[in-house]
Amino acid sequence: MSVVDPDPRPLRPVDPNDALAESGRGLHIVDVLSALCWVAYDREGKTIHAVLAAPGVELTPVEREALQRSTRGHQGPW
């Protein structure tokens, strides 16, 4: 799954336990539920990528590296 954000500013880590936080919770949910997630930045903004796997399925290190390399991404934290 990929989501494009035209805002060029880097993502900032957000405390998921902060009840008053006005943003950032969606990224935390994606991070918790995904097998791998990363961000790729370019001149037009950024693209957040996440790989969702079936329960019990884990990506190998080679698979993780290949996925990130294919989009020139940077793995979290956000």
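Predicted model: local features only at pLDDT ≥ 70, side-chain atom pairs only at ≥ 80, totals over all residues.
Me: Why is leucine 52 called exposed?
Reply: Its relative accessibility is 53%, and exposed means over 50%, so leucine 52 counts as exposed. As for its place in the chain, leucine 52 is found in the loop between S3 and helix H2 (61-71).

Me: Which elements supply at least two residues each of the lining of the largest pocket?
Reply: Those are strand S1 (2-5), helix H1 (25-33) and strand S3 (45-51). The pocket itself has a volume of about 340 Å³. Of its 19 lining residues, the closest to the centre are Asp5, Leu11, Arg12, Leu27 and Lys46.

Me: What makes 5 of the lining residues charged?
Reply: Asp, Glu, Lys and Arg count as charged, and the lining divides into 10 nonpolar, 4 polar and 5 charged residues. Asp5, Arg12 and Lys46, named among the closest to the centre, therefore belong to the charged group.

Me: How many helices and strands does the chain have, and in what order do they run?
Reply: There are 2 helices and 4 strands, running β-α-β-β-α-β from the N terminus on.

Me: What share of the chain counts as buried?
Reply: Buried means under 20% relative accessible area, and 26% of the 78 residues count as buried.

How values were computed: Residues numbered from 1 in each chain as written. Heavy atoms only, no water. 1 Å grid on protein atoms, 1.4 Å probe; cavity = no way out; pocket = protein on both sides within 12 Å on 5 of 7 lines; lining within 4 Å. Points joined across faces, edges and corners; volume = space filled by probe spheres on them. Buried < 20%, exposed > 50% of the residue type's maximum accessible area, 1.4 Å probe, protein only.
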